There are 2 protein chains.
Amino acid sequence: MNIGFIGMGTMGAPMAKRLVQAGHSVTVHNRTQEKEEVVAAVGARRAASAKEVGWDAELVIIMVSDTPDVQAVVLGDTGVIHSMQPGSILIDMSTISPAATRKIARALSEKGIEMLDAPVSGGSEGAIHGTLSIMVGGKPEVLERVHSILEIMGSTITLVGPIGSGQVTKAINQVIIAGVYASVAEGLALGLAAGVDIEAAHRAVSGGAAGSWILENRGANMIQNHYPLGFRSRLHRKDLGIALDAAGDLGVPIPIAAYVAQLETGLIKRGFGEEDVSNIARVIREQAGLN
Amino acid sequence: MNIGFIGMGTMGAPMAKRLVQAGHSVTVHNRTQEKEEVVAAVGARRAASAKEVGWDAELVIIMVSDTPDVQAVVLGDTGVIHSMQPGSILIDMSTISPAATRKIARALSEKGIEMLDAPVSGGSEGAIHGTLSIMVGGKPEVLERVHSILEIMGSTITLVGPIGSGQVTKAINQVIIAGVYASVAEGLALGLAAGVDIEAAHRAVSGGAAGSWILENRGANMIQNHYPLGFRSRLHRKDLGIALDAAGDLGVPIPIAAYVAQLETGLIKRGFGEEDVSNIARVIREQAGLN
């Protein structure tokens, strides 16, 4: 398939590389053009703008940072909306606003271009190994046409509803992990302050109702007060902003997520935004005088 | 071994029954004496008071509801402290205050009686099948003497530090589950309000970083707004009270656990205390107008 791919960051570059290596004809573009080189080296063509990516693409995939970036590369002066052909498909795999997603889809629809929103979880490792979990919003028949392409990048592909639903599902994911990180940190801070054998206590609670991916995979780092990546705190804060806006629009109070967002705002200001998101434990430990 | 067992509730009765069936000589007592009958029926002797349980017991196990209950059956006028022999061991498997536990242990120590605190997780099913997770505080050499007895009741036995540490670990467990329940409820409420395919979204987020025992085992009930037991909301609120007191004594702020405790206080007042603790989703849904 003729595929355009916009966004050659930590996620986009390895995802595009997998598409090239699977035998597809891939044209890439990135705002900072040097970042295209690693994918060009395995056989991708390079385009000078998003618009240029769109001309002969049957499918355009976008993987950029935030809502305004997607709006720019789709709807902006040099956006793909000015070049993509009727009947072609755009998949936005970035994590952005569900409301903005629906607006972009409406604009594309007027030109006869189909859209799916398909944000992912699984991090850069999942992008490299093609094991991402992909949450798809859109029409089932459109997903059908690109399912085999998504399978090159992800091991789990779930259709979760109409356009925008992928972004809502990603927001659900980020809201849940916000509270789980903070709750695990509260529990561990209590154990550290009480002077129990914290590794043994961690082990004892991990197997039961308190068990989670986060306790299992990040608990030891939180005990050590050491936060290697993982997933950047700064990016999780960005995603929580999207979730809080979406929840606000819907009239859904999510006070725990809002509280965690506030703590992350402080961590980022203090220079900890590039640490793993498990660094929410840093501030919860500090509040207890535990550092 | 000659074992005394005080507390024939939902947990204590099946635990004592397992000890009888393993061939031990067990004497039981319960405040409401009819509850002794089910264990007497399989061969336990009955005692008219806690004190009477203590006379010839090498080991006394306590499984009652709350801190004042343990204080009464150990230190009260008819408590086991007045009858247990020097060199014997008391194991409190109730969930109570760590600070009160240390005081009780000191009083017993003056009489030459050893104590372990050994609260459990795993619920009534774990009590029946002997698959409880037991979190033990106390001296390793005392645990050594009763390890084979604990193995009859639990499949995981973890020594987590000196006396009181078992209770702290249980508090860690209850603090973590408080926040995880509430965070999962916030995420699912967002999805329900947004009108995504909520079962599909639940599936999509369960396998990754948002995954937990609670999302896996209670998410569907929270989506249905239906809260069969499980573990009573009322008892979790009691345990959170213990955790909040312990955290307060140590100067550890645990605001998410405190917030969940407040919501549970309201649920209990409104008659929902006998539902499963996953009913925290009931109030989070209500706040979003989702019922």
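The following paragraphs describe the relation between two chains of a predicted model, and then selected local features within them.

In this predicted model, local features need pLDDT of at least 70 and side-chain atom pairs count only at pLDDT 80 or more, whereas totals for chains, interfaces and linings use all residues. Residues are numbered from 1 along each chain as its sequence is written, chains are lettered from A and ligands numbered from 1 in the order in which they are written, and side-chain values use heavy atoms, with hydrogens and water left out.

In chain B, the axes of helix α4 (residues 67-75) and helix α5 (residues 98-109) come within 11 Å and cross at roughly 5°. Helices here are DSSP runs of H or I of at least four residues, and strands are runs of E of at least two, numbered from the N terminus; axes are lines fitted to C-alpha atoms, for helices over the stretch in contact, with angles from 0 to 180 degrees between N-to-C directions. Because angles under 35 degrees count as roughly parallel, α4(B) is described as roughly parallel to α5(B). The contact is made by B:Thr67, B:Val70, B:Gln71, B:Val74 and B:Leu75 of α4(B), together with B:Ala100, B:Ile104, B:Ala107 and B:Leu108 of α5(B).

In chain A, strand β5 (residues 89-92) and strand β6 (residues 114-117) pair in the parallel sense over four bridges, pairing being assigned if DSSP finds at least two bridges between two strands. The bridge partner of A:Ile89 in β6(A) is A:Glu114.

The loop between α10 (213-224) and α11 (233-250) of chain A contains A:Gly230, which is joined to A:Leu229 by a cis peptide bond with omega of about -20°. In chain B, the peptide bond from B:Leu229 to B:Gly230 is likewise cis, with omega near -25°. A:Asn225, in the loop between α10 and α11 of chain A, has a positive phi of about 60° although it is not a glycine. Most residues other than glycine have a negative phi, and most peptide bonds are trans.

How values were computed:
Angles under 35 degrees count as roughly parallel, over 145 as roughly antiparallel, 65 to 115 as roughly perpendicular and the rest as oblique. Contact means heavy atoms within 4.5 Å.
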